[in-house]
Amino acid sequence: MSETAQLESIEHIPAEHLEQITAIAKMCHETNRAYLLVIRESAKPWEQLDQQDKDSTIEQVAFYILNEGASVSAWHDAWTAKMIVAGWKYGPKRSIKNKTHECLKPFHHLPEKQQVKDALFHSVVSQAIHAEMKEVDDDIEIHQELVS
């Protein structure tokens, strides 16, 4: 397994990038929220999330940006390791008091709907990165035409 870059906290995201990364995080959350509505589950809109949930989503976006080309399961693997180090363990039901979480297991053992949510998130980040790179390439091309 190749080593992945980790972000210690969102405070390490350069200020000039935080707005854009936050916008991608919001887009990822709202995409997953729409998926949940399709399968008759619910999630709060971005604006109603507490800051800890927003920060976690921003951190996940930053992870995929730092690890361009990482697999869908890479974030889950990194998250699992971080949770275990923090003293969490697998439990059939999420409990902050008992530090148990139902997703603390290998990615391929997650329920299909959780894998789909992770795949949607990964796809949104990948497409956003691709769109940004295309825009930068277009800006360079226009600049080169202007100075020629």
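1. Of the contacts in the chain with a separation of 6 or more, 52% are between residues 24 or more positions apart; contact here means heavy atoms within 4.5 Å. The model is predicted, with local features requiring pLDDT of at least 70 and side-chain atom pairs counted only at pLDDT 80 or more, whereas totals for chains, interfaces and linings use all residues. Residues are numbered from 1 along each chain as its sequence is written, and side-chain values use heavy atoms, with hydrogens and water left out.

2. The chain has four helices and two strands, in the order α-α-α-β-β-α from the N terminus. Helices (H or I, at least four residues) and strands (E, at least two) are DSSP runs, numbered from the N terminus. Of the 148 residues in the chain, 34% are buried. Buried denotes under 20% relative accessible area, exposed over 50%, and partly exposed in between, with a 1.4 Å probe and protein chains only.

3. The largest nonpolar core has 29 residues, and C28, I58, V61, F63, Y64 and V125 touch the most other members. Two or more residues of this core come from each of α1 (15–38), α2 (51–66), α3 (72–85) and α4 (112–147). The term nonpolar core refers to a set of buried Ala, Val, Leu, Ile, Met, Phe, Trp, Tyr and Cys residues joined through side-chain atoms within 4.5 Å.

4. Two packed helices are described by the angle between their axes and the distance between the axes. For α1 and α2 the angle is about 110° and the axes are 8 Å apart, which makes α1 roughly perpendicular to α2. Axes are lines fitted to C-alpha atoms, for helices over the stretch in contact, and angles run from 0 to 180 degrees between N-to-C directions. Angles under 35 degrees count as roughly parallel, over 145 as roughly antiparallel, 65 to 115 as roughly perpendicular and the rest as oblique.

5. At this packing, L18, I21, T22, I24, A25 and C28 of α1 meet T57, I58, V61, A62 and I65 of α2. The contact of α1 with α2 has nine nonpolar, two polar and no charged residues. In this classification Ala, Val, Leu, Ile, Met, Phe, Trp, Tyr, Cys and Pro are nonpolar, Asp, Glu, Lys and Arg are charged, and the others, Gly among them, are polar.

6. V61 belongs to helix α2 and, at 0% relative accessibility, counts as buried. V61 and I21 lie 40 residues apart in sequence, with a C-alpha to C-alpha distance of 6.8 Å. Apart from neighbours within four places in sequence, V61 contacts I21, I24, A25, C28, F121 and V125.

7. The axes of α2 and α3 come within 10 Å and cross at roughly 125°; the two helices are therefore oblique to each other. Residues S56, E59, Q60, F63 and Y64 in α2 meet V72, A74, W75, A78 and K82 in α3. By class, this contact of α2 with α3 has six nonpolar, two polar and two charged residues. Within α3, the buried residues include A74, W75, H76, A78, W79, T80 and M83.

8. What does F107 touch, not counting residues up to four places away in sequence? The residues are V72, S73, H76, Q115 and D118. F107 is placed in the loop between β2 (100–101) and α4, and is buried at a relative accessible area of 14%. Between F107 and D77, which are 30 residues apart in sequence, the C-alpha to C-alpha distance is 7.3 Å.

9. H29 is in helix α1 and counts as buried, at 13% relative accessibility. Leaving aside neighbours within four places in sequence, H29 is in contact with K44, P45, W46 and L49.

10. Positive phi values deserve a separate entry. R40, although not a glycine, has a positive phi of about 65°; R40 is in the loop between α1 and α2 and, at 78% relative accessibility, counts as exposed. K99, also not a glycine, has a positive phi of about 55°. K99 is in the loop between β1 (89–90) and β2, and its 33% relative accessibility counts as partly exposed. G87, which follows α3, has a positive phi near 95°.
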